[in-house]
Amino acid sequence: MPFKITSLLSKNRDYPLSLMNKKAHELFPRIWALGDLKILEKPLLGFFCSIKCPGDIILSSYDLARVLRDSGVAVIGGFHSPIEKDCLDLLHRGTQPIVVCPARGIENMRMRKEYEKSLDQGKLLFLSPFNKDQHRPTVKTSTDRNLLVAALSAVVFVAHAGPDSRTEDFCQEILSWKKPIYTFESGYNENLIKMGIQSMDIENISGFAKILSATDE
């Protein structure tokens with residue numbers, strides 16, 4: 001890979017301030033980065049979606065990705081589930097910054113040509129809490145990766161999490177952090193709304209994106 005991977009310890013100057021609280025510091029004493037670390041200075045929206053997702057939520061997620069892209073909102077995610085991958089493709093067509101957090105080490109990671117160009121342009125950052133020996137994602141590394149994404153996010157948006165799923169458990173954890181967390185207004189997300197996650201109708205997404213983009217001014 002022609003790009004330089006940076007290893008950051010918590011004592012380093014470029015270590016993200018959002019990870020300096022006690023819990024995040026204990027979970028992620030060291031991270032590896034590929035790309036422009038200045039992206040982490042922006043307010044990031046963390047995007048998540050379960051692997052299994054109803055059709056209506058899928059369409060709303062695509063609409064959300066387009067609105068976030070067109071509004072210039074910086075987005076962070078693991079982009080591992082099928083819907084997350086599709087949304088990454090939509091986001092990548094814009095000019096706003098994107099942070100991708102794989103659930104594996106980023107050394108020797110295969111890189112798409114269009115991602116290499118985005119790295120050169122400074123609009124893409126790969127970030128991982130795993131060293132080069134972690135060659136593939138596992139349930140444990142996926143869970144830890146999701147916590148990293150949430151810790152780095154100013155706001156979390158969970159498009160869908162099925163009842164009794166790992167993503168639902170993750171939502172419970174993030175709620176305990178007192179971090180703003182949203183989901184789509186939908187009967188399919190009733191379990192999330194009942195636990196206290198704020199719901200949002202797709203018609204209000206544009207206003208939501210404008211508020212997020214304004215925080216970066």
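Student: Which are the buried residues of H3, and what makes them count as buried?

Tutor: In this predicted model, the buried residues of H3 are Ile-83, Glu-84, Cys-87, Leu-88, Leu-90, Leu-91 and His-92, and they are called buried because each has a relative accessible area under 20%.

Student: Against which elements do the buried residues of H3 pack?

Tutor: They pack against S3, H2 and H4, and also against strand S4 (75–77) and strand S5 (98–100).

Student: Why is Ser-118 called buried?

Tutor: Ser-118 has a relative accessible area of 3%, and the term asks for under 20%, so Ser-118 is buried. Ser-118 lies in helix H4, which covers residues 113–121. Leaving aside neighbours within four places in sequence, Ser-118 is in contact with His-92, Lys-123 and Leu-124, and His-92 is itself one of the buried residues of H3.

Student: Why is Leu-9 counted as partly exposed?

Tutor: The relative accessibility of Leu-9 is 33%, and since buried means under 20% and exposed means over 50%, with partly exposed in between, Leu-9 counts as partly exposed. Leu-9 lies in strand S1, residues 6–9, and, not counting residues up to four places away in sequence, Leu-9 touches Tyr-15, Pro-29 and Arg-30.

Student: How far apart are Leu-9 and His-135 in sequence and in space?

Tutor: Leu-9 and His-135 are separated by 126 residues in sequence and by 21 Å in space, taken from C-alpha to C-alpha.

Student: What is it that makes a space in this model a cavity, and how many of 30 Å³ or more are there?

Tutor: A cavity is a set of points where a 1.4 Å probe fits but cannot get out, and by this rule the count comes to one cavity of 30 Å³ or more. The largest cavity holds about 30 Å³ of space, and its lining consists of Leu-45, Phe-47, Ala-65, Leu-68, Val-75, Cys-87 and Leu-91. Strand S3 (45–48), helix H2 (55–71) and helix H3 (82–92) are the elements that give two or more residues to this lining.

Student: How do you know that the radius of gyration of the chain agrees with that of a compact globule?

Tutor: A compact globule of 217 residues would have a radius of gyration near 17 Å, and the chain has 16 Å, so the two agree. The C-alpha trace spans about 45 × 35 × 30 Å along its principal axes, and buried residues make up 53% of the 217 residues.

Definitions and conventions: Residues are numbered from 1 along each chain as its sequence is written. This is a predicted model: local features need pLDDT of at least 70, side-chain atom pairs count only at pLDDT 80 or more; totals for chains, interfaces and linings use all residues. Side-chain values use heavy atoms; hydrogens and water are left out. On a 1 Å grid over the protein atoms alone, a cavity is a set of points where a 1.4 Å probe fits but cannot get out, and a pocket is an open set with protein on both sides within 12 Å along at least five of seven lines; lining residues have an atom within 4 Å of a point. Grid points are joined across faces, edges and corners, and a volume is the space filled by probe spheres set on the points. Helices (H or I, at least four residues) and strands (E, at least two) are DSSP runs, numbered from the N terminus. The radius of gyration is taken over C-alpha atoms; the globule rule is 2.2 Å times the number of residues to the power 0.38. Buried means under 20% relative accessible area, exposed over 50%, partly exposed in between (1.4 Å probe, protein chains only). Contact means heavy atoms within 4.5 Å.
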